[in-house]
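The sequence and the structure come first.

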Amino acid sequence: MIDLSTKYLGIQLKNPLVASASPLCENIEHIKQMEKSGIAAIVLHSLFEEQVILQEKELNYALTQQTESYAESLSYLPDINDYRFAPDEYVDYIAKVKKAVDIPIIGSLNGISNSGWIRYGKKIEEAGADALELNIYYLPTTKTSSCQEIEQIYLDLVKRLRQNITIPIAVKLSPYFNSIPGITDQLAEEGADGLVLFNRFYQPDIDLTEMSVIPNLELSRSSELRLRLRWVAILYQKVKADLAITGGIHTTEDIIKGILAGANVTMMTSALLEKGIPYIDELIKGTEEWLRRHQYHSINEIRGLLSQQNVKETDAFERANYMKVLKSYHYE
Ligand SMILES: Cc1cc2nc3c(=O)[nH]c(=O)nc-3n(C[C@H](O)[C@H](O)[C@H](O)COP(=O)(O)O)c2cc1C
């Protein structure tokens, strides 16, 4: 018997494959199908801070019947009706999903400011979510704040949430920090139980025919996994938080690589959107088969085998590898 079970955020999971936040999670039938295909847990699509703010503005307008002067930033946002779930519907949806399936359900908050929307963390907990993922998607575009001030926003956010809820908190981060070990260590200190590496920043393109900027959502490729593998391998056993990989998990081999680097779980969206929900079953059987073929008995046996756990001088190790890679290229 091969044991695929793993622990993430203190929750026992039957295998290391988790569905990350995506439109697939907006539909209970899809969630049931994912459970049937063997997914270990689900992260729901996010509730955005801006949704909460918009709802409050609209409510305020309805109550006062006065001309509302929206801040310019709010006018950039999709209309409130474009979201499938209003904030309170999102909370109700969690409760419904929890009734419909047995696998752990992780709620997701997506925002940046340390404002009233944090109370939705509490509502998500009350609705029965097993954990909360906080996606801090922030792209500073002005030079008014220092790196330290921006990092403090992240830390304060986690601290405030930790003070308000008791379920485990995972933080989904971008790779753009001066020091990933530095920020992850501080987030763990403030109460993050898990780190989800890494958020993908969607990058717009330029349409030369229309002479306009076009929003561009490209699904990931396995090659994006490498950035995640590097950082999970470096952080494994060095940060006091569980590690989840999101971004570039497409195949059984990608799952195995993630665990070898040190991940507790590997998350998937693009591959499921492309190949459909039944692909989950194939991946889980493939993971079992890989372990059997290589004479391992469990996922836990291989976790971190290819991490940098035993490398004492990781900076020098990374620098040496960089030099070796450049030297390995021969131009005839
Ligand atoms: C259409 C779409 C919608 C997504 N919605 C969310 C979301 O609501 N919240 C979030 O944190 N991530 C969201 N993501 C990001 C995914 O959860 C995941 O982190 C990302 O796609 C990288 O994983 P992958 O390579 O397996 O696709 C979304 C991704 C896609 C493609």
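This is a predicted model: local features need pLDDT of at least 70, side-chain atom pairs count only at pLDDT 80 or more; totals for chains, interfaces and linings use all residues.

A polar side-chain atom of Ser46 lies 2.6 Å from a nitrogen atom of the ligand, and the side chain of Ser220 has an N or O atom 2.5 Å from a ligand oxygen atom. On its own the ligand has 610 Å² of accessible area, and the protein covers 90% of this.

## The shell around the ligand

The ligand is surrounded by 19 residues. The closest are Ala21, Ser46, Asn135, Ser220 and Ser270. Sorted by class, the shell consists of eleven polar, six nonpolar and two charged residues.

## Helix 7

Helix 7 covers residues 180-190, and its buried residues are Ile180, Ile183, Thr184, Leu187 and Ala188. Viewed down the helix axis, these buried residues fall within an arc of 135°, so they line one face of helix 7.

## The ends of helix 7

At the start of helix 7, Ser179 places a side-chain oxygen within 2.9 Å of the backbone nitrogen of Gly182. At the other end, the helix is followed by Gly191, which has a positive phi, near 120°.

Note on methods:
Residues are numbered from 1 along each chain as its sequence is written. Side-chain values use heavy atoms; hydrogens and water are left out. Buried means under 20% relative accessible area, exposed over 50%, partly exposed in between (1.4 Å probe, protein chains only). Helices (H or I, at least four residues) and strands (E, at least two) are DSSP runs, numbered from the N terminus. The arc is that of the directions from the helix axis to the C-beta atoms. A polar contact is a pair of N or O atoms within 3.5 Å; within protein, one must be able to donate a hydrogen and the other to accept it, and residues adjacent in sequence count only if both atoms are side-chain atoms. A residue is near a molecule or strand if one of its heavy atoms lies within 4 Å of it. Accessible areas come from the Shrake-Rupley method with a 1.4 Å probe; for residues, only the protein chains shown count as cover. Ala, Val, Leu, Ile, Met, Phe, Trp, Tyr, Cys and Pro count as nonpolar, Asp, Glu, Lys and Arg as charged, and the others, Gly among them, as polar.
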